[in-house]
Amino acid sequence: MRRHIAAVAAVTLLSLVGCATDEPAATPSGSSTGAPGAGTGEQSKFFVQADYDDELALLAATPTGPADKPWEQALNPTMVDTAKFKKPGPYKICFSNAALNNPWRQVGFKTMQAEVEAQRSRIREFVHVDAEGKDQKQIADINDLLGKDCDALIVSPNTTATLTPAVEAACRAGLPVVVFDRGVNTKCPVTFINPIGGYGFGHVGAEFVSQQMKPGGKLLALRILPGVDVLETRWSAAKVAFDKAKVDVVGVEFTDGDPAKTKKIVDDYLQRYGTIDGVWMDAGAVAVAAVEAFQDAGKPVPPMNGEDQLDFLKIWKDKNLTAIAPTYPTYQWRTPVIAALRILDGQQVANPWKLPQPTVTRENLDSYLDPDMPPLHYAMCGCRDLPGYPQRWK
């Protein structure tokens, strides 16, 4: 799942969502002009039917692994042999990180650091290098790490195609490489770790909103930017659901992840149509702003989806919203450390390692609420059993 586009859009997006990659920009799916009754428009150029089918099937798959540790679970795993990498510990684990430029990545990295601390008897040194969202810096970082006597290399690529040669160079150097979150265009890493993906995210939110809306109601789709794979796949899955349910999608608008712009868009549509009966979002960063726009206009908040950021979960609970929160769980940052240690032990690991992607619903909402954590904390951190909780994440 990972492709990247024009420089300005990419830099903006990387401060808003967890993952993106490089491929030519897609034609925006739907209207960004606010034209009445715009519908869902043409399907995204990023849509791949087979990938869509696979991800929706994974939503119903039963994971293998410990029931209380989703970061160690795998969906439909194919195991690979790692005996050639077996060596005695303790180990030096090196991590080339795309960036720490948004709350999702910051929560994730704190979770990874805590996992390392929990494994201190087996990890003698943990080296982290932040590429600051820059491809060339990450290429240089990986090249530098190849001379640092790392026992295993973890990589979260900034972009896919550009970082592929650097990852391949690490593989040729004989290092076991673990890639997670964003992928690369090579099969040389021992494993690629990530949750189900964008189609699953988009489908879950759209299916819920479609079912909760009144028949014939009007839906507003709020997106961040066009042409970025993780958002395009979310939207393309939502489009399938809305077209199937014959939802009246009156607008597909890009918010740039800006709360003020989000509020203005919602207000404009309320003035134009009088009421909006459903809201779908391709990411949850501005979900609270959308809720507040309805409140400011004195209108009921319609069925909608957000994400597992605590600010949204809190307002959902406080205002008794009709809502759902598909997720891209930050607990996935624990898994690469666990995978690296298993590989160095010569144990088999899944490749790809597809993690479960839980959904926050009305029924389980209370279990994810945590009034002691900051508003931009992600509930799916899987971090409550780790050293330093909760202070490390505050």
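Which hand does the disulfide of cysteine 171 and cysteine 188 have, right or left? I took this question to the model, which is a predicted one, and noted what I looked up along the way.

**Entry 1: the disulfides**

I began with the pair in my question and found that the torsion about the S-S bond of cysteine 171 and cysteine 188 is about 70°, so this disulfide is right-handed. The pair links distant parts of the chain, since I find cysteine 171 in helix 5 (residues 160–172) and cysteine 188 in the loop between strand 5 (177–180) and strand 6 (191–195), 17 residues apart. The two sulfur atoms lie 2.2 Å apart.

A search of the whole structure gave me three disulfides. As a reminder to myself, a disulfide is a covalent bond between the sulfur atoms of two cysteines.

Another of them joins cysteine 94 to cysteine 150, with 2.0 Å from S to S. This pair also links distant parts of the chain, with cysteine 94 in strand 2 (residues 91–97) and cysteine 150 in the loop between helix 4 (135–145) and strand 4 (152–156), 56 residues apart. I read -90° about the S-S bond, a left-handed link, and both cysteine 94 and cysteine 150 are buried.

The remaining entry on my list is the disulfide between cysteine 381 and cysteine 383, again with 2.0 Å from S to S. Its torsion of -60° makes the link left-handed, and both of these cysteines are buried. Counting bonded cysteines along the chain, I wrote down the pattern 1-2, 3-4, 5-6.

**Entry 2: helix 3**

How far does helix 3 reach from its first C-alpha to its last? I noted 23 Å for its 16 residues (103–118), close to the 22 Å expected at 1.5 Å a residue. At its N-terminal end I found a cap, asparagine 102, which has a side-chain oxygen 3.0 Å from the backbone nitrogen of tryptophan 104. The buried residues of this helix include Trp104, Phe109 and Met112, and the buried residues pack against strand 2, strand 3 (123–130), strand 4, strand 5 and helix 11 (335–344).

**Entry 3: aromatic rings**

I counted 15 aromatic pairs in the structure. For tyrosine 52 and tyrosine 199, the ring centres are 5.9 Å apart and the planes stand at 90°, so I recorded the pair as edge-to-face. The pair links distant parts of the chain, tyrosine 52 being in helix 2 (residues 49–59) and tyrosine 199 in helix 6 (residues 198–212), 147 residues apart. Tyrosine 52 counts as buried at 9% relative accessibility, and tyrosine 199 counts as buried at 2%.

Next I looked at phenylalanine 95 and phenylalanine 180, whose ring centres are 5.9 Å apart with planes at 40°, so this pair is tilted. Phenylalanine 95 is in strand 2 and phenylalanine 180 in strand 5, 85 residues apart, and both are buried. Both also belong to one aromatic cluster, together with Trp104, Phe109, Tyr328 and Trp333.

**Entry 4: charges over rings**

Which ring does the charged end of arginine 234 sit over? I found the ring of phenylalanine 201, with the charged end 3.7 Å from its centre. In another case, the charged end of arginine 272 sits over the ring of tyrosine 269, 4.8 Å from its centre.

Technical notes. Residues are numbered from 1 along each chain as its sequence is written. This is a predicted model: local features need pLDDT of at least 70, side-chain atom pairs count only at pLDDT 80 or more; totals for chains, interfaces and linings use all residues. Side-chain values use heavy atoms; hydrogens and water are left out. A disulfide is a pair of cysteine sulfur atoms within 2.5 Å. Helices (H or I, at least four residues) and strands (E, at least two) are DSSP runs, numbered from the N terminus. Buried means under 20% relative accessible area, exposed over 50%, partly exposed in between (1.4 Å probe, protein chains only). The expected span of a helix is 1.5 Å times one less than its number of residues. Contact means heavy atoms within 4.5 Å. A polar contact is a pair of N or O atoms within 3.5 Å; within protein, one must be able to donate a hydrogen and the other to accept it, and residues adjacent in sequence count only if both atoms are side-chain atoms. Rings of Phe, Tyr and Trp (its six-membered ring) pair if their centres lie within 6.5 Å; planes under 30 degrees apart count as stacked, over 60 as edge-to-face and the rest as tilted. A charge sits over a ring if NZ of Lys or CZ of Arg is within 6 Å of the ring centre and within 35 degrees of the ring normal.
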